[in-house]
Amino acid sequence: MDSLLITGGNRLKGSITVNGSKNAALPIMAACILTEGETVLKGVPQLEDIRHLSALLEKLGVNVSRDEKGNLRLKVEDEMNCHAEYELVRKMRASVCVMGPLLAKRRRAQVSLPGGCNIGDRPVDLHIQGFQCLGAESDLVGGDIYLKAKKLKGAEMFLGGPFGSTVLGTANVLMAATLAEGVTVIESAACEPEVIDLANYLNACGARIIGQGTPRITVEGVKELHGCEHTVIPDRIEAGTFMMAAAITNGDVLINNCRLDHLMAVVDRLRAIGVNVERKGDAVQVSSSRRLEPVSVTTQPYPGFPTDLQAQIMALLALADGNSIITEKIFPDRFVHVAELNRMGARLRKEGPTVIVEGVKNLVGAPVMASDLRASAALVVAALVAKGKTKISRVYHIDRGYERIEQRLAAIGAEIQRVPE
Ligand code: EPU
């Protein structure tokens, strides 16, 4: 297992390019199960999570390859296997997004129920509820969810839960509804850009979906879907992470391939903190040259502040000039980074789903451990400015969501290297 060794203190300067979105690419890859013909996906990042889903899709009879231009090509070759085994689902929870496509196209699915993870419980009850509304039967045996349906029929449904809408739940039901007979209306649908990207991909394959990006998505079922060529949207979470890295180092960074319209809640908080954020065409310039102001941040479903940037903004606010309050409304236990940041000299106090951040003057390098993807990203952000050396072990967590992070940050001035353990 590799570690990252970071010596803090360098201002980040220069330009960095955001990759295609992991969380948009994953459900789109799964959606290929629904289609006849080939899908060519542009901008799919080279990440562990993408490799895990590719391996699962291969087992489900999909041929997945990278062509010489780096595009991902997917084509269904065999529709026999409908079983997503625990070994693969365990490695990556997003594997559950094969449920909807398998059910709709092959009429049955056996998918291992993912357990919880370091960010908390991860139920799939809303996914199942949506499938049942479409006429599927479901059963849980030996840790596997069995789904079957002679045919799916369009229905009206409410897909909100105690924490609001569900991103992958909306994606799963949306995918299943594309091949259902009649019209499906999903109320309280997730509005995240990744859901819009999935709907746009499906429409390019012949689906009839309207309302994506709003809480009411309407799907008119079609008989079959064909392949298409599609470019995945830029990763707003990677872009936001680079913004935090630029801000914490008092840097001046041009972030290319960045959709500012997907990051308005983040930009709002960064500006309140005193960070300069300026649109430059398809790029965004982020710079900071003074002590940071404390602010309150509450995570919410899109277009609110994303839970996937909560840890990174906590690292930034650890150095603010006063007390900040961060409340997590999506995953109330998503705080594994708190104790690690405190090891680096931050003063963070967790009270239920809220963390009180008492700003300090400096962070100090320390050996710390990555235990979740975004928590690891927060440790990198903190280490970039901490005095001395920080060693972040278990870097495989960060490799799940950020491609070659050390090379890309080193290119804009960070002192960072990967060391084998
Ligand atoms: N929830 C339920 N029942 C369900 C599904 C979800 O109660 O059936 C709850 C969850 O426990 C949570 C809330 O609803 O409290 C929202 O969860 P959601 O279903 O939206 O999460 P997800 O779709 O499983 C995606 C991202 C996560 C991101 C969340 C929230 C992917 C592959 N994953 O997960 O990304 O945090 O949406 O925006 O798209 C990451 O990239 O690091 C990551 C964890």
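Helix 4 (residues 99-106) packs against helix 6 with about 15 degrees between the two axes, which are 7 Å apart; helices here are DSSP runs of H or I with at least four residues, numbered from the N terminus. Axes are lines fitted to C-alpha atoms over the stretch in contact, and angles run from 0 to 180 degrees between N-to-C directions. Helix 4 and helix 6 are therefore roughly parallel to each other, a label given to angles under 35 degrees. Their crossing is right-handed, that is, the near helix is turned clockwise from the far one by less than a right angle.

The model is predicted, with local features requiring pLDDT of at least 70 and side-chain atom pairs pLDDT 80 or more, while totals for chains, interfaces and linings use all residues. Residues are numbered from 1 along each chain as its sequence is written, and side-chain values use heavy atoms, leaving out hydrogens and water.

Helix 6 (167-178) also takes part in the shell around the ligand, supplying at least two residues, as do helix 1 (22-31), helix 5 (125-133) and helix 12 (373-383). Helix 5 gives the largest share, 3 residues. Of the 24 residues around the ligand, those that come nearest are D125, T166, L168, D308 and I330; a residue counts as near if one of its heavy atoms lies within 4 Å.

A backbone N or O atom of L168 is 2.7 Å from a ligand oxygen, and a polar side-chain atom of R93 is 2.9 Å from an oxygen atom of the ligand.

Technical notes
Polar contact = N/O pair within 3.5 Å; in protein donor to acceptor, adjacent residues only side chain to side chain. Parallel < 35°, antiparallel > 145°, perpendicular 65-115°, else oblique.
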